[in-house]
Amino acid sequence: MISAQGFRSRPKKRESGMAVLLTVLTLPVVIGFTGLSIDAGVAYTIRGRLSAAMDAAALAAGRGLNLGSDVGSAQAAAISAATRFFNANFPAGYMQTDPATRTLTATFTQQQDGHGNPTGVLIISVTGSVTAPTYFVQVLGIRSITIASTGTATRKAMVMSLVLDRSASMGSRDTAAGSIPGSISSSSSSCESMVYSAIRFISNFTPYDYVGMVSFDYTAHNDYPPSTNFKFGGAAGVIQAIADIDCGNNTNTTAALELAYRQIQSINLPLAENVIVLFTDGVPNGVTADFPVRTSVDTRLGPSGSTPTPPNSPSGNRTNCLDGAGTLTCVNMPVACGNSPATVHGVITQTCGFNVNSGGRGGLYKAFDSDPNPSFPSGCPRSGMTMVNQTLAYIPDTDAFGNSTHGPWDGWLYQVNNKCAPNGTPITSGNSACKNLGDLWSNYPGTGAGAPNNTFQSGPYRFKFRPDLANTIGAVSMNTAVNEASKIRSDATYKIAIDTIYLQGNAGDPVDRQFLQLVSNQETILPIIYDAAAAPYPNPYYQASEQKGMYLATTSNLKLMQLFAQVASSLLRISQ
């Protein structure tokens with residue numbers, strides 16, 4: 001008897017044949033699915049490499065836009081750059097792909113908001129495709145597959161106003177104004193080096209950007225309103241406007257910043273990258289205001305500060321002027337042009353290296369080229385030191401642009417605290433290895449005609465800033481410039497950053513440690529080369545709610561181009 005556990009069933013011949021038949025019938029399907037998975041794996045590998053290549057190509061296209069002078073040539077240059085990166089990152093024939101059928105296309109789209117207005121963002125899309133052979137699925141009639149991938153980069157359009165100092169401390173051009181310098185050397189003037197470096201700086205930007213240029217002496221010049229055509233040749237482009245610069249006169253930095261601010265507002269792209277790039281070699285010395293005309297007798301410096309006239313001389317309206325310590329102090333100086341209240345609009349400057357014993361003063365000048373010539377009440381002295389001393393009552397508490405004239409330099413004295421750069425420091429031609437850094441006037445109580453303050457200490461204009469003292473004009477100029485900068489940086493609509501490049505000091509002018517670091521809103525005040533041993537310290541005027549820019553400084557004109565390049569690199573932000 002056989003137990004159930006030991007029972008074995010033998011397959012029938014029909015069942016064995018069916019298994020063989022099913023295996024034969026399903027084998028192509030199994031092979032097809034196996035081949036499909038293998039071919040899919042190959043395609044996945046190819047697509048991964050292609051995707052990385054497209055990302056690189058999109059970024060390259062964004063950077064290549066700067067090589068064209070108009071939109072068409074910029075796009076062609078961008079596509080060329082994208083193609084080079086595509087070929088480098090996905091070589092022809094990679095994993096048996098067909099070199100003859102690979103493609104690359106690019107689109108450049110200006111993003112718009114819901115109302116159809118440009119947002120200032122450029123979207124760059126680069127799509128590449130390749131044809132890959134199949135291996136196993138050819139049995140299904142599929143001999144090749146097309147694989148495509150898209151890389152996208154975004155680039156904020158930029159609205160930039162380039163602000164260039166053309167004052168006398170920059171020296172004269174080595175080549176004629178209007179020419180484009182081919183090179184510079186260590187003996188080149190600061191003016192020549194600035195022109196050379198600025199022209200090369202603007203080559204970094206694209207025809208999707210708006211670039212404008214302001215230059216300034218005692219007047220701010222709207223040399224090139226912002227345009228996307230800035231790379232055009234001749235008068236249509238900004239290069240010639242930069243090349244036309246020659247240097248002379250004084251330094252009205254506040255008016256220049258205000259004009260640059262207006263340039264950016266005129267383009268009206270709140271979502272663009274809005275920036276002012278300010279280059280200067282020194283401290284400002286021009287004040288723009290509606291100055292009250294003097295209507296009261298008071299004691300102040302006379303029209304001359306270097307060659308005093310004997311007391312009670314009838315010449316030059318110098319009644320009661322007394323000679324003291326090389327200055328000409330006028331006790332009870334008569335009113336020159338009537339007692340009716342009035343104001344005169346324009347710019348006053350100091351012209352003597354911030355002399356503390358009066359020194360040269362000038363004006364009235366126009367703040368902008370578009371301003372009318374300054375006008376005066378009848379009988380008033382109209383220009384130079386005579387006008388500044390006898391016509392103007394005082395420097396008002398607010399300048400012509402709404403900025404307070406008060407600030408960090410209210411009690412500042414310039415031509416003290418002499419420091420020297422370390423031995424071997426490269427110094428620009430015409431500059432000095434030792435400069436005055438300035439200090440609080442209260443630390444030098446016996447120094448200068450206005451000691452110990454920049455305001456009148458008695459009389460009808462007590463505690464008002466003095467127009468008759470060169471040092472005071474400089475102090476007020478710096479106050480208004482940093483207040484102007486704060487106004488610009490705090491604009492919540494345009495979010496403007498101010499980048500600064502400082503060629504530290506020229507001629508006999510003093511240098512200042514804080515000025516441009518306050519303008520660009522640095523968190524920490526760094527030492528300048530003339531005070532290299534000093535320690536950094538927190539900026540007491542830093543505003544966390546305002547835009548922060550770059551601050552770069554050098555004493556070498558040969559390093560200017562490098563500093564401009566650093567600013568360009570920070571502005572050319574491309575993201576994926």
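These are legends for close-up views of one predicted model.

Residues are numbered from 1 along each chain as its sequence is written. Because the model is predicted, local features need pLDDT of at least 70 and side-chain atom pairs count only at pLDDT 80 or more, while totals for chains, interfaces and linings use all residues; side-chain values use heavy atoms, with hydrogens and water left out.

**View 1. Confidence along the chain.** Here we look at pLDDT, the predictor's confidence in each residue, from 0 to 100. The chain averages 87, and 89% of its residues reach 70 or more. Residues 305–318 are another story, with pLDDT staying under 50. For that stretch the model has 24 contacts beyond four places in sequence, a contact being heavy atoms within 4.5 Å.

**View 2. The disulfide between Cys191 and Cys247.** A disulfide here is a pair of cysteine sulfur atoms within 2.5 Å, and the count comes to three. In this one, Cys191 and Cys247 are joined with an S to S distance of 2.1 Å. The torsion about their S-S bond is about 85 degrees, so the disulfide is right-handed. Cys191 belongs to helix α3 (residues 190–201) and Cys247 to the loop between α4 (238–243) and α5, so the pair ties together parts 56 residues apart in sequence. Helices (H or I, at least four residues) and strands (E, at least two) are DSSP runs, numbered from the N terminus. Cys191 is buried at a relative accessible area of 0%, and Cys247 is buried at 13%; buried means under 20% relative accessible area, exposed over 50%, and partly exposed in between (1.4 Å probe, protein chains only).

**View 3. The disulfide between Cys420 and Cys434.** These sulfur atoms sit 1.8 Å apart. With 100 degrees about the S-S bond, the link is right-handed. Cys420 is in strand β15 (residues 418–420) and Cys434 in strand β16 (residues 434–436), 14 residues apart. Cys420 is partly exposed at 42% relative accessibility, and Cys434 is partly exposed at 29%.

View 4. In α5, 12 of the 15 residues are buried, so the helix is largely enclosed by the rest of the structure. Among the buried ones are Leu257, Glu258, Tyr261 and Ile264. Asn268 follows α5, with a positive phi near 60 degrees.

**View 5. Phe279, Phe564 and their ring neighbours.** Rings of Phe, Tyr and Trp (its six-membered ring) pair if their centres lie within 6.5 Å; planes under 30 degrees apart count as stacked, over 60 as edge-to-face and the rest as tilted. The count comes to 10 aromatic pairs. Phe279 and Phe564 have ring centres 6.2 Å apart and planes at 35 degrees, so this pair is tilted. Phe279 is in strand β7 (residues 273–280) and Phe564 in helix α9 (residues 560–571), 285 residues apart. Both are buried.

**View 6. Arginines over rings.** A charge sits over a ring if NZ of Lys or CZ of Arg is within 6 Å of the ring centre and within 35 degrees of the ring normal. The charged end of Arg49 is over the ring of Tyr94, 4.7 Å from its centre. Arg102 lies over the face of Phe86, at 4.3 Å from the ring centre.
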